[in-house]
Structure formats: C-alpha cells, structure tokens
Amino acid sequence: MIENNICLLTDSYKVTHHYFYPKGTEKIYSYLESRVGAEFNKTIFYGLQYILKKYLEGPVVTQEKIDEADKLISNHIGEGIFNRQGWQYILDSHGGKLPIEIKAVAEGTPVDVSNVLMTVENTDNESFWLVNYLESLLLQVWYPSTVATLSAEVRKLSNFYLEVTGSQKDNLDFMLHDFGYRGATSTESSMLCGSAHLLSFSGTDTIPALTIPENYYNDSNLYGFSVQATEHSVMTSLGPEGEIDQILNVIDKAKDGILSIVIDSYNYRDFLINAGKSGSELNEAILNFLDGENNKIVFRPDSGEPVSTTIDCLNLLSEGFGSHLTDEGYKVFDLNIGLLWGDGLNYQKIRDILFAMKSSGWAAQNIIFGMGGGLHSSVTRDTQRNAFKCSAQLRDGVWHDIFKNPLDSSKKSKTGRFKLVKQNNSFRTVSIDEKGEDCLQTVFRNGELLIDDNFADIKSRALKYSNYL
C-alpha cells in the first residue's frame, strides 16, 4: 500500500459524509480551539507546519492513490461509498493539490483557552466535503501543542521557584530533561513531542527530535543537549558487592563535564552516605573529578516517593558535601553537585517537589527534573480539550452559522466565521466582520505553504510566555 495516501488519512465514517451534507452546500468552514476546562489556561500552538509539509503540501493526490483508496473503502465499508468523483476532480482540476485554505495563529504563540487557533475552509465549491475529511489529520496538532504547553508551564513553575528561593538561573534551560523516547508511541511522535519540548528547554535525550528544526522549520541550529550518564545496566555490572568498584570505574573513565549517576541500584542512602564520607575512596574520587574545570556530578535516585526521597537525598548530600545559604535564606550545595529526579513525574509532582524543597529550606537550583512518559505519552487530546468543529456552511450563496449545544455546556461550539484579535495582552475570538487586526494568518492555500516559519522565532514566542513571572 502507498504510504501517506491522503485519500485514506481520515476516520472511516468521514468517507461517507460527502453525500450527507445538504443540497446546495458550497463551502464548509471549521475551526480548532482548546475548550473550557483545559488543564492549563493557555495553549501554545505548535506543529502545524510539520503536518502541512509532511502530508498536505504540493500535489498529494495521484491516480494511483485514488484507485487504491477506492478499492480499500469498497471492501472496508461498501461499494459506491468512496468519493471517487470528488478526488478525481481534485486531481484533474487542481493537479492533485488540495483546494483548501488554512489560517492559524503563529506557532509558539500562547493563546487563552476558548479561542480559535486555526480555521479551515475549501476554496473550490466542488470540494466542500474535503474540509472535515481532513479533521483527523489536522487535529493531530493537539499533540505537539499540548507538549509545548506542558513544557512551558513547567518552565514557568521552575522560574518561579528559582526566583523565590534566591537561586541562580544559569541552569533554567535544563531544569526539565526529555527522557521520553523509549516511552513514546512511535519515533514520529517522539520527534514531534521532543521538538515541542525544545521550545522551552534545552535538555533532551530524544535524539530524533533534533532533526525537526532543520527538516521542517528552516533552522540548522542545534537546540538540544545532553550529558554523560549511567543507567542500571552499568551500575549493576559488578553486583551489590562491586557497586563501589564500578562507580570508581565510571568516575575514572568519565570525560570532563557533567556526569549523571544513578544511585538507587541497591540502597541510595548507603550510596550517598559513602559518597559524602570524608576519606572514603568514593569521596576522594568524587572530589578529584569535581576539581576539573566546569565538572559537575548529578546524583539520580530513580525510585521511591518523589517528595520525601528528594528531601532525604538533599539532606544526605548536604551532610556529606556541605551547603550555604542564598540571599533569600535557602540552602545551596557548596560543591558543584546536584540532584536529578526523573521517575514518574508530571506537572503536579514537579510542583509538589519544588514546594517541599522551599518549605524545607532548599533552593530550587539544586535540582533538575527528567520526564519521559509524563511528557510523551501521558498527555491526551483532552489535556487541553482540543476540538475541531464546523461553525459555518455556505449553501446556495448564503452563509449559515451552525453550532452544537449539548447538555454538557462545556462542549458547546462556536458559531460563524472568526477573527482572533489581541486586546490587553490576551486574545479574543470575534466575528470575521468585526474591526480589529486578525492574528490568524493564511498559512496554506491550494496546496501551497504561504508561511514557512523558523524554529528560532517560534521558540522566542514560547519563551516570552514561559519566562514571564
């Protein structure tokens, strides 16, 4: 079968809709929003350009694709259901380019929930059915947008606790590290998610994500960085009785820079007590490594209750290596060491850890976080309550505003055609006929990408939000 056959990139039931719309239908107008009840009160829009370039740009309809789709749908649903005539029209009249227009807010922009983020409308009256046929594909922008939003909110949270505890902010760009490749649903999803994370942070172990800025966002700069680190397969190589020998081997072989060491292979408390014990072989090895210019060791407990284990580790490290106070009265390690918590995290657990650290007198600069499944696979379309709905239809030359209004009022949809205007640093969705500059830009029309954005500019928009206190 043909990979990425646009005729098949939809839900089965949408294949039947071309003959269900009312007689005289000429245009369908639909929109995307994050509905009321989203986890975060703003959504950072990101990932549309990737979808457009990968799936929609250029002559994407071919005779071979039409024939293949017709055969598949005939067996999948029934004979005569696939809209062969409609797809053939697009191929013959438009050279296989899709006759639709997409408007969207600039990627990287944080938009208040319950506002339009994107609109889609057909440009050829014969192809009115195509707009919502593409919903299944276009709505997948929810995923990178939600991850971009989550990472930005964690950066805001981290920035706040750095500020109130009098911490240095040198490490803010690395306070949340992406550990999610192995927990992603696919390599493509890890790339999209990982690149969305890079809008707010620079720490990542998801190497495939590093290709997105250059391949889809016109930017050859490197936006993600990592460090040398151990895992349990390394630390348990010599068994419990050889743990110290193995860590001595690791420290001896490590290159200059940052070294992350997992410490819970057996008993993290014994490990940290031994590490901080003056005169022990492990303590001496650690101190010798820290003598190197810009060298740092980060200790990573990888199991246990996150809050209590974090505070316990901080206290043990302070007892062994010493600490001093920031101007705000919060403890900071004397040596260039730190703690990394990367097990089972989400936004709420990070918030709980940072709050507990502040309550226990610890500065936020002592810790960094790693998130895997919480970043890549714990978000859903309902996290930000993203929805794609039709709000207007042109029939026999007259526009008709339409909407849904179920008993669950949170799912009420908007009606009409829209502008997105900005007033007093917040967004508002208004009628297309109202005054005000429209923040929705035409990014795609008739198979052509009209705005080809740069990753650096998108990142700059996101950082303006996540750096704000």
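This report walks through a strand, a helix, the nonpolar core and the cysteines of a predicted model.

## Ground rules

Because the model is predicted, local features need pLDDT of at least 70 and side-chain atom pairs count only at pLDDT 80 or more, while totals for chains, interfaces and linings use all residues. Residues are numbered from 1 along each chain as its sequence is written, and side-chain values use heavy atoms, with hydrogens and water left out.

Let's start with strand E9, residues 296-300. Helices (H or I, at least four residues) and strands (E, at least two) are DSSP runs, numbered from the N terminus. Five of the five residues of E9 are buried, meaning under 20% relative accessible area with a 1.4 Å probe and protein chains only; exposed is over 50%, and partly exposed lies in between. Lys-296, Val-298 and Arg-300 point one way, Ile-297 and Phe-299 the other way, and all are buried.

Two strands pair if DSSP finds at least two bridges between them. E9 runs parallel to strand E8 (residues 258-262), with five bridges joining them; there, Ile-258 has Lys-296 as its bridge partner. E9 also runs parallel to strand E12 (residues 337-341), through three bridges, and Val-298 stands opposite Gly-338 in E12.

## Helix H14

Helix H14 covers residues 347-359, and its end C-alpha atoms are 18 Å apart, which agrees with the 18 Å that its 13 residues should span at 1.5 Å a residue. The expected span is 1.5 Å times one less than the number of residues. At the N-terminal end, Asn-346 caps H14, with a side-chain oxygen 3.1 Å from the backbone nitrogen of Gln-348. After H14 comes Gly-361, whose phi is positive, near 85°.

The buried residues of H14 are Tyr-347, Ile-350, Ile-353, Leu-354, Ala-356 and Met-357. They pack against helices H6 (142-164) and H13 (306-321), and against strands E6 (176-178), E12 and E13 (367-371).

## The nonpolar core

A nonpolar core is a set of buried Ala, Val, Leu, Ile, Met, Phe, Trp, Tyr and Cys residues joined through side-chain atoms within 4.5 Å. The largest one has 133 residues, and Leu-56, Trp-87, Leu-98 and Ile-102 have the most contacts inside it. Its largest share, 10 residues, comes from H6.

Ile-102 has contacts (heavy atoms within 4.5 Å) with residues including Leu-48, Leu-52, Met-118 and Phe-444, not counting residues up to four places away in sequence.

## Cysteines

How many disulfides does a search of the whole structure find? The result is zero, where a disulfide is a pair of cysteine sulfur atoms within 2.5 Å. Cys-193 counts as buried because its relative accessibility is 0%, and Cys-390 counts as buried at 15%.

How values were computed. A polar contact is a pair of N or O atoms within 3.5 Å; within protein, one must be able to donate a hydrogen and the other to accept it, and residues adjacent in sequence count only if both atoms are side-chain atoms.
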